[in-house]
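Subject: Structure handover

Hello,

Here is the structure I promised to pass on. Please open it first, then read my notes below.

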Amino acid sequence: MLDEVLALLSPAAKQSPLPVFVDCTFGAGGLTRSILERIPGSRVIALDADPAAVARAEALREQQPRRVTPVHANFAQLADALASVGVGSVNGVVYDLGLSSLQLADAARGFAFAGEGALDMRLDPTSDAATAAQLLATAKEGEIADIIFEFGDERNARRIAREIVKRRTRSPLRTTSDLVAAVLAAQPRGARGKRGTIHPATRTFLALRMAVNAELDGLARSLEAAIACVQPGGRIAVISFHSGEDRVVKHQFAAWRRTGVAETLTRKPLTPTQTEIAANPRSRSAKLRGTQRTRAPLPRSA
Ligand SMILES: C[S@@+](CC[C@H](N)C(=O)[O-])C[C@H]1O[C@@H](n2cnc3c(N)ncnc32)[C@H](O)[C@@H]1O
């Protein structure tokens, strides 16, 4: 959806001869590179919570020192992150939520049910936040069930939570395969061995990752900071992969439209073409929404 994101962001560049964009999710840097290539004179503040992604942004800065400013930060702290590099207002803010393929492929991070790794799942493994293993060791059964149900939309959430709690009394769940084994053991009899479209642990892993990183709260807080730093005519674009994330974006954009501080640019979310899905199956659940800041002052709670 690179072309669509660029089409949403590019008009914001007309506001300034040297437009500044914030890529809140630098990842492997594909989106930042496209902004630099296609928007002349642009500069990108490149945020990521993952130090490995920030190291990639630093490598890009070596090539384009004046145009890339890497910042190691969670986008929930967007205002502080921009202040730390002396940036007050910007022309556009973009989010490409979730994980990069590099994070998924690194078994040691604990994000993927395929491969053996410690149950970490923190976007920033250098932070002192609790890991997925710590969460599973300490949360009450009901809390674990709520996380798996609400973030993972998993109908076996209660059975999976019960199985996790049963197993942890014998021995803590430490690795991705410990969690996969618990999820598989919690499958209802008829479902075991059934050929489904997704692995039975997919939703549980997604839900835990979202809880470990407080992803929905972080997104809501970040959007509040984004609207406050975007200049009139500036744009915010968000690609999400999860219905909960899309709901946060949709409701926030609608609230801004009602208060007059931003105009929604995408009445319905844009979705990838069949060709893009064929080339990159992970893109199938992507939704892109965009909004444009107006000149109206921000009300206190916008
Ligand atoms: C889907 S990847 C981005 C891919 C990127 N657009 C590219 O072209 O390579 C998502 C990235 O966002 C980062 N991320 C996710 N949530 C974040 C957060 N709350 N704060 C900062 N970075 C975050 C992840 O660490 C990951 O590197």
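A residue counts as buried when its relative accessible area is under 20%. Keep that cut-off in mind for what follows. Also note that this is a predicted model.

Start with Phe75. Its relative accessibility is 14%, so Phe75 counts as buried. Tyr95 is at 0% relative accessibility, and therefore Tyr95 is buried too.

Aromatic pairs

How many aromatic pairs are there? The count comes to three. One of them joins Phe75 and Tyr95. The ring centres are 5.2 Å apart, with 90° between the planes, and the pair is edge-to-face. Phe75 sits in the loop between β3 (68–72) and α4 (78–84), while Tyr95 belongs to strand β4 (residues 90–96), so this pair ties together parts that are 20 residues apart in sequence.

Phe113 and Phe205 make another pair. Their ring centres lie 5.8 Å apart and their planes meet at 75°, so this pair is edge-to-face. Here distant parts of the chain are linked, 92 residues apart. Phe113 is in the loop between α5 (101–105) and α6 (132–138), and Phe205 is in helix α10 (residues 202–212). Are these two buried or exposed? Phe113 has 29% relative accessibility and counts as partly exposed. Phe205 has a relative accessible area of 3% and is buried.

The ligand

Next, look at the ligand. The residues around the ligand number 21. The closest are Ala28, Asp48, Phe75, Asp96 and Gln103.

- Leu31: a backbone N or O atom lies 3.0 Å from an oxygen atom of the ligand.
- Ala49: a backbone N or O atom lies 3.1 Å from a nitrogen atom of the ligand.
- Asp96: an N or O atom in the side chain is 2.8 Å from a nitrogen atom of the ligand.

Taken alone, the ligand exposes 600 Å², and the protein buries 91% of that.

The strands

Last, turn to β3. Four of its five residues are buried, leaving β3 mostly covered. Which way does β3 pair with strand β2 (residues 43–48), parallel or antiparallel? The two strands pair in the parallel sense, over five bridges. Within this pairing, Ala46 has Pro70 in β3 as its bridge partner.

Over to you.

Best wishes

Key: Residues numbered from 1 in each chain as written. Predicted model: local features only at pLDDT ≥ 70, side-chain atom pairs only at ≥ 80, totals over all residues. Heavy atoms only, no water. Phe/Tyr/Trp six-rings, centres within 6.5 Å; stacked < 30°, edge-to-face > 60°. Buried < 20%, exposed > 50% of the residue type's maximum accessible area, 1.4 Å probe, protein only. Near = heavy atom within 4 Å. Polar contact = N/O pair within 3.5 Å; in protein donor to acceptor, adjacent residues only side chain to side chain. Areas by Shrake-Rupley, 256 points an atom, 1.4 Å probe, with all protein chains shown as cover. Pairing = 2+ DSSP bridges.
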